[in-house]
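This report describes selected features of one protein model.

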Amino acid sequence: MDEHDWLAEQFEQHRPHMRAVALRMLGSSTDTDDAVQESWLRLSRSDASGIENLGGWLTTVVARVSLDMLRSRTSRREEPAEADLPHANGIDARGDPEYEALLADSLGPALLIVLGMLAPAERLAFVLHDMFAVPFHEIGTILGRSPNAAKQLASRARRRVRGSALNPDTNQTRQREVVDAFLSASRTGNFDALLALLDPDVVLHADAAGVQMGAPAELVGAPAVAGTFSGRALAAQAALIDGAAGIVWAPGGRPKVVWDITIARGKIVHIYMVAAADTLDDLDLVILDD
């Protein structure tokens with residue numbers, strides 16, 4: 001096998017991951033394929049012998065290509081064509097089994113819509129860190145900014161994801177009432193009570209660290225979310241997360257996981273599970289007494 005064939009084989013091994021990154025960045029199957037192809041062209045023109053971590057190098061390249069495409073799209077005020085977005089069941093019309101598996105893997109239409117609201121730099125910071133656990137110093141290098149600036153971009157994106165629900169309730173007392181009732185129903189396994197507290201179209205998202213702990217990257221709908229929490233949260237506590245009521249698991253007083261909750265019209269409409277240590281350190285977190 002010559003060097004070109006070896007490089008092509010290595011690239012194919014990393015292709016699913018690259019497509020996952022590009023799809024979450026671009027939200028378009030056509031643009032995703034273009035970004036991956038451009039990454040291959042850049043690799044084929046590079047001196048691969050000097051690349052120590054090919055997977056990391058390819059992630060950086062496809063992220064940069066996707067960022068450039070997003071910025072170009074924004075400058076032309078273009079959006080992906082509606083026909084190019086994934087179907088609600090996560091299956092693309094092309095019938096490519098690998099592509100269908102990719103779409104089914106942790107990318108739902110609800111998250112895709114929210115990501116489309118973010119500025120390109122925010123989207124890159126959020127996608128790479130929260131979904132793929134890329135460190136902020138590497139994200140900063142891609143963006144040409146400091147690690148702290150990259151962290152701030154991800155935090156801003158996270159707040160926009162959290163506030164994406166229509167007319168979120170900002171009254172802390174009403175928030176606390178809903179969260180306390182949700183915790184009680186979760187601990188006792190009262191499935192019907194959980195359903196009553198959840199919006200029918202509630203969405204649960206988890207960051208990359210949460211997914212590594214076994215949480216689903218995305219769940220949509222009250223029955224699915226209620227089933228995830230029913231009979232659990234025994235050691236969880238109510239908390240204020242950046243001033244809003246939520247839930248925290250903090251064994252020994254050290255936060256390990258938070259569930260950032262958005263409430264609208266008296267119902268929980270969005271839950272964001274955060275388990276990444278650097279993100280937890282960035283939160284203004286106050287654990288409340290039961």
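A residue is called buried when its relative accessible area is under 20%. By this criterion, both Phe 229 and Trp 259 are buried. The model is a predicted one, and the description below starts from these two residues and their surroundings.

**Aromatic cluster**

The structure holds 4 aromatic pairs. In one of them, the ring centres of Phe 182 and Phe 229 lie 5.0 Å apart with the planes at 70 degrees, so the arrangement is edge-to-face. Phe 182 belongs to helix 9 (residues 172-188) and Phe 229 to helix 12 (residues 222-229), so this pair ties together parts that are 47 residues apart in sequence. Phe 182 has a relative accessibility of 1% and therefore counts as buried. Phe 229 is buried as well, with a relative accessible area of 7%.

Phe 229 also forms an edge-to-face pair with Trp 259, at 6.4 Å centre to centre and with 70 degrees between the planes. Because Phe 229 lies in helix 12 and Trp 259 in strand 5, this pair ties together parts that are 30 residues apart in sequence. Through these ring pairs, Phe 182, Phe 229 and Trp 259 are linked into a cluster.

Strand 5, which carries Trp 259, spans residues 257-264 and pairs with strand 6 in the antiparallel sense over 7 bridges. Within this pairing, Val 258 stands opposite Val 274 of strand 6. The two strands form a hairpin with 2 residues between them, and Arg 265 in the turn has a positive phi of about 55 degrees.

How many residues of strand 6 (residues 267-274) are buried? The number is 7 of the 8, so strand 6 is largely enclosed by the rest of the structure. Strand 6 also pairs with strand 1 (residues 198-206), in the parallel sense. Here Leu 204 is placed opposite Ile 271 of strand 6.

Strand 3 runs antiparallel to strand 4 (residues 244-249), and Ala 239 stands opposite Gly 246 in strand 4. Strand 3 and strand 4 form a hairpin with 2 residues between them; in its turn, Asp 242 has a positive phi of about 50 degrees. Strand 3 is also joined to strand 7 (residues 285-287), again in the antiparallel sense. The bridge partner of Ile 241 in strand 7 is Leu 285.

| Strands | Sense | Bridges |
|---|---|---|
| Strand 1 and strand 6 | parallel | 5 bridges |
| Strand 5 and strand 6 | antiparallel | 7 bridges |
| Strand 3 and strand 4 | antiparallel | 5 bridges |
| Strand 3 and strand 7 | antiparallel | 3 bridges |

**Packing of helix 1 and helix 2**

Two packed helices are described by the angle between their axes and the distance between the axes. For helix 1 (residues 3-26) and helix 2 (residues 29-44), the angle is about 145 degrees and the axes are 9 Å apart. Their crossing is right-handed. The residues in contact include His 4, Leu 7, Phe 11 and Leu 26 of helix 1, and on helix 2 Ser 29, Val 36, Trp 40 and Leu 43 are among them.

Terms used
Residues numbered from 1 in each chain as written. Predicted model: local features only at pLDDT ≥ 70, side-chain atom pairs only at ≥ 80, totals over all residues. Heavy atoms only, no water. Axes fitted to C-alpha atoms, helices over the stretch in contact; angles between N-to-C directions. Helix = DSSP H or I, 4+ residues; strand = E, 2+ residues; numbered from the N terminus. Left-handed = near helix turned anticlockwise from the far one by under 90°. Contact = heavy atoms within 4.5 Å. Buried < 20%, exposed > 50% of the residue type's maximum accessible area, 1.4 Å probe, protein only. Pairing = 2+ DSSP bridges. Phe/Tyr/Trp six-rings, centres within 6.5 Å; stacked < 30°, edge-to-face > 60°.
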